[in-house]
Amino acid sequence: ITTVLTGPLDRLLGRKLRITGKGRCNVTNNCDIKTFMENIPGDGRFLYSALNRLSPTQTMELFESHGLKLKTERGNRVFPQSDNANDVAALMTKLCRNAGVKLMQAHATGIAAEEGCVSGVSTDQGFIPCRAAAVCTGGLSYPLTGSTGDGYRMAAALGHTIVEPVGSLVPLVERGHDCAAMQGLALKNVTLRLKNAKGKVVFEEFGELLFTHFGLSGPIVLSASAHMDRKGEAFTVDLDLKPALDEKTLDKRLLADFDKHKNSDFINALGELLPKKLIPVVIEKSGIDPREKVNAITKKQRASLLRVLKAFPVEISGKRPIAEAIITTGGVSVREVSPKTMESKKCSGLYFAGEVLDVDAYTGGFNLQIAW
């Protein structure tokens, strides 16, 4: 077996693997297959065979059987106990060497085929004759690690359909400047609802997010991006800033705070309810004069404030560039690949694995499990 390393100089093997999970490597998600399938935004039926051959539990057993101790954290995310992605890459490298894999530092330029069968791989260091070639070149995210679209070009040259690659699990850009005013503010317990142009909720999740100079980031924002189609449709994010309280309970909380600060300016009455950076923006969206005395605020004005707290709107103009995406959605059409073997239906001896295929999932270790 020969592994050809494409892209820039990668003497350190597993370069992309080493930066996953912010350098900790979220190797899989400790869940059953049914739960796993629920974390795939599209039609994940293609993956049933692969997951039944190598489930998340089996992946964990494989790593631990070779000495890599694992731990399960919030959301069933699985990490090495060392919190070091280098340990995962080092183990993979060791297993390759133990299996007799020959590693080549070369640039693959194409895959040759004769009479519908793979016959070899062309590289900048010569031709490698072979009866089978596996394309594991990744998508287009993190191009500095070597994911530059080579796999798509090779697959297309052999007759494969390429579903347009776009960034997924990527931060969202705001149409406006509210997020920039709150740059650096992280919220841990909010509910995000992604709405399309018709106002339909296409995604909803509870968790953490971050306001940035360009818009929104954080786990629930990245997951939301997977539900934005390729048509350039307008989307709006609504944030429930107090998901633990229904409107009636939240209104009682407001009345209690207002009573406590009844002689204060409105802008000084929300400090116990909201983070400091969030208050001016919430007040602006409520339409209430920040210098109005609390005891003069009407029931109608309070209802307006409640609407903002339960559905804080952020208009989205689009996603950040694909180079900033955690994964690429799109790629080699799975209709042209055998789900049991990952072999091409177009060319015998041609195989695909990982992000080069048109399969992707939410954050939480699911995408690496798909690659394994």
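**Cysteines, a threonine and a pocket**

Modeller: The model is predicted. Cysteine 347 has a relative accessibility of 3%, so cysteine 347 counts as buried.

Colleague: How many disulfides are there by this rule?

Modeller: A disulfide is a covalent bond between the sulfur atoms of two cysteines. The cut-off is 2.5 Å between sulfurs, and the count here is zero. Cysteine 347 is in no disulfide; its nearest cysteine sulfur belongs to cysteine 117, 6.6 Å away.

Colleague: Is threonine 328 buried or exposed?

Modeller: Threonine 328 has a relative accessible area of 0%, so it is buried. Threonine 328 sits in strand β17, residues 327-332. A polar atom of its side chain lies 2.8 Å from the backbone nitrogen of leucine 140. Among the residues that threonine 328 touches are Gly139, Ser141, Tyr152 and Asp360.

Colleague: What volume does the second largest pocket have?

Modeller: Rolling a probe the size of a water molecule over the atoms shows where empty space is left. The second largest pocket has a volume of about 600 Å³. It is lined by 27 residues, and Gly42, Asp43, Thr329, Asp358 and Asp360 are the closest to its centre. Strand β10, residues 162-168, gives the largest share of this lining, three residues. By type, the lining has eleven nonpolar, seven polar and nine charged residues.

How values were computed. Residues numbered from 1 in each chain as written. Predicted model: local features only at pLDDT ≥ 70, side-chain atom pairs only at ≥ 80, totals over all residues. Heavy atoms only, no water. Helix = DSSP H or I, 4+ residues; strand = E, 2+ residues; numbered from the N terminus. Buried < 20%, exposed > 50% of the residue type's maximum accessible area, 1.4 Å probe, protein only. Polar contact = N/O pair within 3.5 Å; in protein donor to acceptor, adjacent residues only side chain to side chain. Contact = heavy atoms within 4.5 Å. 1 Å grid on protein atoms, 1.4 Å probe; cavity = no way out; pocket = protein on both sides within 12 Å on 5 of 7 lines; lining within 4 Å. Points joined across faces, edges and corners; volume = space filled by probe spheres on them. Nonpolar A, V, L, I, M, F, W, Y, C, P; charged D, E, K, R; others polar. Lists of a residue's contacts leave out its neighbours within four places in sequence.
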